[in-house]
Amino acid sequence: MKISTWNVNSVRARLPLVLNWLRESSPDVVLLQETKVVDELFPYEEIEDLGYNIAVSGQKTYNGVAILSKFPIEDVITALPTFPENTEARYIEAVICSDIPVRVVSVYVPNGMEVGSDKFAYKLEFLDRLHEHMQNLLEYDECLAVGGDYNIAPEEIDVHDPVRMEGRICFHPEERKRFRTMVNGGFIDAFRAKYPDTKQYTWWDYRTKGWENGRGMRLDHFLVSPQMADLIKDVVAEEDTRGLPKPSDHCPLSFMVL
DNA sequence: ATGGTAGTCTCACTA
């Protein structure tokens, strides 16, 4: 079984790339972020034709998350229960009915725009509320994978130039502290647990030609429960997709279980 | 380098 997360930066603009990737990479479960489409206009048919069930939480123009699964999807929640006043489509949770049931979350953490701005405060608040809910989920003692675009590079190894990046958006101490709190609270950073010393990015800036320059950040993560971590055989960032024509600025991150 | 690129019911906003 293979579970992937991918910030596609518009599922409609990216549809040919997404369909090709689904065919070639054939993940069993996919967590999408930044679908940028209302639920009625989601490209259900094209994706269903490849054998996927679909659950979505979308909105116009911005944000939007979804879950694709070759197994039945049950118990869908389309908002973060601990943040009811949040109206942006950044959270979807469901149970995947495979041999071993797996609870999955697709989350799109706010970017924060500029350190000190209202959007930065919103990012920190979202992370606090997310952590609160994740702690509640952890008490179920089940296979749980919270995947998505956290918009946080957790450690120095996760950015190209940590000195230059210090205190800037996605590498600010207040963001990194919250990511650490999640790990200290019992979650496992699936990629980092498997590869303690490997520099691996999942996002490269369009504007500064990050891909061409080999400069990116590791912003997309799977935080998993211990029960899930025990079953993980490997974790890979499928960065080849970033070099294709009309790419997303993020690449898929996937883990395999037996 | 307060630039640059990409996406969206756009000429402004988010990332």
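This is a predicted model: local features need pLDDT of at least 70, side-chain atom pairs count only at pLDDT 80 or more; totals for chains, interfaces and linings use all residues.
In one of them, six strands follow the order E3-E4-E2-E1-E12-E11, and the pairing is mixed. Strand E3 (53–57) and strand E11 (232–237) form the edges of this sheet; each has a single partner strand, so one side of each is left without a neighbour in the sheet. On average, and with direction ignored, neighbouring strands of this sheet are turned by 10° against each other. Strands of a sheet pair through backbone hydrogen bonds, and the pairing may be parallel or antiparallel.

Strand E1 (residues 2–7) shows pairing of both kinds. Its partner in the parallel sense is strand E2 (residues 29–33), and five bridges connect the two. Strand E12 (residues 253–257) runs antiparallel to E1 and is joined to E1 by four bridges. Individual residues illustrate the arrangement. Threonine 5 stands opposite leucine 31 in E2, and threonine 5 also stands opposite leucine 253 in E12. For isoleucine 3, the bridge partner in E12 is phenylalanine 255.

Strand E1 is mostly covered, with six of its six residues buried.

Together, E1, helix H1 (residues 15–25) and E2 make a β-α-β unit, which is right-handed. The sheet is also the surface on which H1 packs: the helix touches E1, E2, strand E4 (65–69) and E12. The direction of H1 makes about 160° with that of E1.

The other open sheet likewise contains six strands, in the order E5-E6-E7-E8-E10-E9, and has mixed pairing. Its edge strands are strand E5 (73–77) and strand E9 (188–189), each of which pairs on one side only. E5 and strand E6 (residues 91–96) run antiparallel and are joined by three bridges. Within this pair, glutamate 74 stands opposite valine 95 in E6.

Nonpolar residues were examined next. In soluble globular proteins, nonpolar side chains tend to be buried together. The largest nonpolar core of the model has 28 residues, and those with the most contacts inside it are Ile67, Phe222, Met228 and Phe255.

Phenylalanine 255 can be followed in more detail. Its relative accessibility is 0%, and because buried means under 20%, phenylalanine 255 counts as buried. When neighbours within four places in sequence are left aside, the contacts of phenylalanine 255 are Met1, Lys2, Ile3, Ala145, Phe222, Met228, Ile232, Asp234 and Val235. Phenylalanine 222 is buried as well, with a relative accessible area of 1%.

Nine aromatic pairs are present in the structure. One of them is formed by phenylalanine 222 and phenylalanine 255; the pair is edge-to-face, with 4.8 Å centre to centre and 90° between the planes. Phenylalanine 222 belongs to strand E10 (residues 220–224) and phenylalanine 255 to strand E12, so this pair ties together parts that are 33 residues apart in sequence. Elsewhere, Phe83, Tyr122 and Phe126 are linked into a cluster by ring pairs.

Two residues in loops complete the description. Histidine 172 is placed in the loop between helix H4 (162–165) and helix H5 (173–184). At 15% relative accessibility, histidine 172 counts as buried. Not counting residues up to four places away in sequence, histidine 172 touches Val115, Phe120 and Gly167. Glutamine 59 is placed in the loop between E3 and E4. Apart from neighbours within four places in sequence, glutamine 59 is in contact with Lys36, Val37, Val38, Thr87, Glu88 and Ala89. A separation of 30 Å lies between the C-alpha atoms of glutamine 59 and lysine 177, which are 118 residues apart along the chain.

Methods. Residues are numbered from 1 along each chain as its sequence is written. Chains are lettered from A and ligands numbered from 1 in the order in which they are written. Side-chain values use heavy atoms; hydrogens and water are left out. Buried means under 20% relative accessible area, exposed over 50%, partly exposed in between (1.4 Å probe, protein chains only). Two strands pair if DSSP finds at least two bridges between them. A crossover is right-handed if, with the strands pointing away from the viewer, the path from the first strand over the helix to the second runs clockwise. Contact means heavy atoms within 4.5 Å. Axes are lines fitted to C-alpha atoms, for helices over the stretch in contact, and angles run from 0 to 180 degrees between N-to-C directions. A nonpolar core is a set of buried Ala, Val, Leu, Ile, Met, Phe, Trp, Tyr and Cys residues joined through side-chain atoms within 4.5 Å. Rings of Phe, Tyr and Trp (its six-membered ring) pair if their centres lie within 6.5 Å; planes under 30 degrees apart count as stacked, over 60 as edge-to-face and the rest as tilted.
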